[in-house]
Amino acid sequence: MGSWGLKGFLLLLGVVTVPLLSERARPVPPVLTDYYLQEIPTQDHNYAYPEPEGPSTETGPWEEGVPSEGEMEERERQPEVEDGEPVEGEPELEERGEEEENWKTQSPSKEKPKKGGKSDKKPPTPHQEKPAKNSHKKSEKNKKNIEKYSFEGPEEVIPYEDTRESCPPLGLETLKITDFQLHASTVKRYGLGAHRGRLNIQAGVNENDMFDGAWCAGRSDLQQWFEVDARRLTKFTGVITQGRNSLWLYWQGKRSDWVTSYSVMVSNDSHAWVTARNESGEMIFEANNEKEIPVLNELPEPLVGRYIRINPRSWYEEGSICMRVEVLGCLLPDPNNYYHRRNEMITTDNLDFKHHNYKEMRQLMKVVNEMCPNITRVYNIGKSHLGLKLYAMEMSDNPGEHEVGEPEFRYLAGAHGNEVIGRELLLLLMQFMCLEYLAGNPRIKHLIKETRIHFLPSINPDGYEKAYEVGSELGGWSLGRWTEDGIDINNNFPDLNTLLWESEDRKLVSRKVPNHHIPIPEWYQSENATVALETRAVIAWMEKIPFVLGGNLQGGELVVAYPYDMVRSVWKTQEYTATPDDHVFRWLAYSYASTHRLMTDVSRRPCHTEDFQKEDGTVNGASWHTVAGSINDFSYLHTNCFEVSIYLGCDKFPHESDLPEEWENNRESLIVFMEQVHRGIKGIVKDLQGRAIPNAIISVEGVNHDIRTAVDGDYWRLLNPGEYLVTAKAEGFSPSTKDCSVGYEMGATRCDFRLTKTNMARIKEILQRFGKQPVSLSARQRRQRMRLAWRRAQT
């Protein structure tokens, strides 16, 4: 090798070993350099930034919809719209402390400060930049140009300014990190292996099974470690830890196991390691003091490597070494990794991919309404415990009116405030459908024209605000789950299952409970009943609108659950409990799961303990775990609406960077499920004079569950393809029966009914018409009666 070649190689060797050094320069073992050689061509790409060309003044609809402070002051003077009334122009503001006084919308391209909203004030590094603050000037609106409708903020100029980079989670909780990428020094048993050391993972009901709630070391000494293989060069910036989740230890009254401090090391080959250090030497990070609340520790300086190890240094004295972990890190570019680049998830939809707090959600719904005023309407159905209005959006070709023969569909989300992915998916779906409608997408235009669609993105806004303030990954499993007054909305509805089943078992003929539209018990409607304001608002909404199909979006698992959610057998916690429409519910659940990118993937590992692949990503709610008073069971037994619970992912509060992928996973499923509202039969029930008959009963032979017609006499009955004998009956009318055929093609079969009044109904109508007085007799009848009376008097 020539003199220049040797110098060049040494210079090259010096360049590639710099990323592994933290604040203090230390020698790097020679074995580390080989791995970095493949990264040389991409170092400039990752760390060098182009000079800014100048400030950007381009704005999109997101900025155009933002009112100025003067406009907001003028709007605040206007009278509020009553609950349930449509919101004209924009949703009204809430008076909720000083934070609501000024409506200052941030650019969507700015990410919320990572972890609890605390900005990183560490000394800046020379290779990262901070977005500049752009002025939000309105550009002139041109509604004829569809290209202007973009929910992404303007491209921001990036001046050269040092700042710390906030890296997302690698994906232990979301399962992006596979079991094969997790390793440990020792394990107590298989159920406590490294593959269980994922943040927020939940334990099984039984102890010593395969599904425990943490990684636990086989010994309690300082040589134990938990390792994550990122499979490519990664800039590690932080670690989040929890203790062990265990129902068994909880029932025994024990405090479980957790680590109280640890050190962090990185490596490129899992043999030579570099430890995170500060000025005084090896850095020891303070960890948990209980088992459930996540604790974030950011590294003083990012460390670059492929592997990261957490080495416990102390732990709860009455327990053992057990951890659940998430790692924060930015994957560095690797042009040689073709497989990774080919499988990267990207989206072409120009939407606002971010987490929206209450003000931002309301603002976004306003922007969509202004972009598509002819097909959208924003209204509220009530208020939360803290007074936040429960906003909903309607999409229809005639918003604000129920059109005869047009079915009503609903999506609702956020019953558990910390399960936020459903909220964001509905906000994305609003944007997507508006943009596609404007672009002339025939599928979306047909869906909006033939269906009245309702979106309720946040049933529990109080709980969401709690989780949002802490941020993704740091809320644990339950922060924000309940309402402000501590109620779980998901099972806060009346238990109508017990009323029905007791009536059927005891065969109470005189007090028989109907198989549909079961009345709400009186005790539930009393003021002293433990019922959330949000629950009462949703019930009133469900009773007011004749919904046909609905889905409530939740999180923490990846499955579609269909009713019944409550077991029928006493003393059982898990048992398949089918509705009379079980075959329809199974199809509805499968229609969503089968079009989801991951739900039916047989290679996917379970989120926690249950493997739902045996039923293709679907499950009967009662066979999973029994829940009394669920929204699915109540909707089925009290209204005409068939509803399922859609669990969207293992991570209840995914990081903002995961939203594009979650949207791609669910976009087709969300649309396909809405289209299922047009399966089965539909029609109008009238009398012989052509007048609509409301509240008429529609029965299907062989199915012990009826539905009723709406105010205009129209009905929709979800059915699978087949031949059905359908009967329509109403009080005062003779029943009418027809053969109705349901095909495989999309579109409900029309099946109308004309009912004739019964003889008794006619007599009652005549009596009512003449004031309940006998009809006047003819002269001949009067003479005959007089003669008969005279003859009797003579005898």
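Two strands count as paired if DSSP finds at least two bridges between them, and strands themselves are DSSP runs of E with at least two residues, while helices are runs of H or I with at least four, both numbered from the N terminus. Keep that in mind for the tour.

**Before you start**

This is a predicted model, in which local features need pLDDT of at least 70 and side-chain atom pairs count only at pLDDT 80 or more, while totals for chains, interfaces and linings use all residues. Residues are numbered from 1 along each chain as its sequence is written, and side-chain values use heavy atoms, leaving out hydrogens and water.

**Stop 1: the whole chain**

Show everything: the chain has 20 helices and 27 strands. Of its 795 residues, 54% count as buried, that is, under 20% relative accessible area with a 1.4 Å probe, protein chains only. Contact means heavy atoms within 4.5 Å; among contacts between residues at least 6 apart in sequence, 78% join residues at least 24 apart.

**Stop 2: helix 9 against helix 18**

Select residues 421-438, which are helix 9, and residues 659-675, which are helix 18. The axes of this pair lie 10 Å apart at an angle of about 70 degrees. Axes here are lines fitted to C-alpha atoms over the stretch in contact, with angles from 0 to 180 degrees between N-to-C directions. The two helices are therefore roughly perpendicular, a label for angles of 65 to 115 degrees. By class, the contact of helix 9 with helix 18 has eleven nonpolar, one polar and three charged residues. Nonpolar covers Ala, Val, Leu, Ile, Met, Phe, Trp, Tyr, Cys and Pro; charged covers Asp, Glu, Lys and Arg; the others, including Gly, are polar.

**Stop 3: helix 10 on helix 18**

Look for Arg 443, Ile 444 and Leu 447 of helix 10, which meet Glu 668, Ile 671, Val 672, Met 674 and Glu 675 of helix 18. These residues divide into five nonpolar, no polar and three charged.

**Stop 4**

Finally, find the open antiparallel sheet with strand order 22-21-24-25. Its edges are strand 22 (703-708) and strand 25 (736-742), each pairing on one side only. Neighbouring strands are turned by 30 degrees on average, direction ignored. Select residues 722-729, strand 24: seven bridges join strand 24 to strand 25. Zoom in on Leu 725, whose bridge partner in strand 25 is Asp 739.

Technical notes:
Buried < 20%, exposed > 50% of the residue type's maximum accessible area, 1.4 Å probe, protein only. Parallel < 35°, antiparallel > 145°, perpendicular 65-115°, else oblique.
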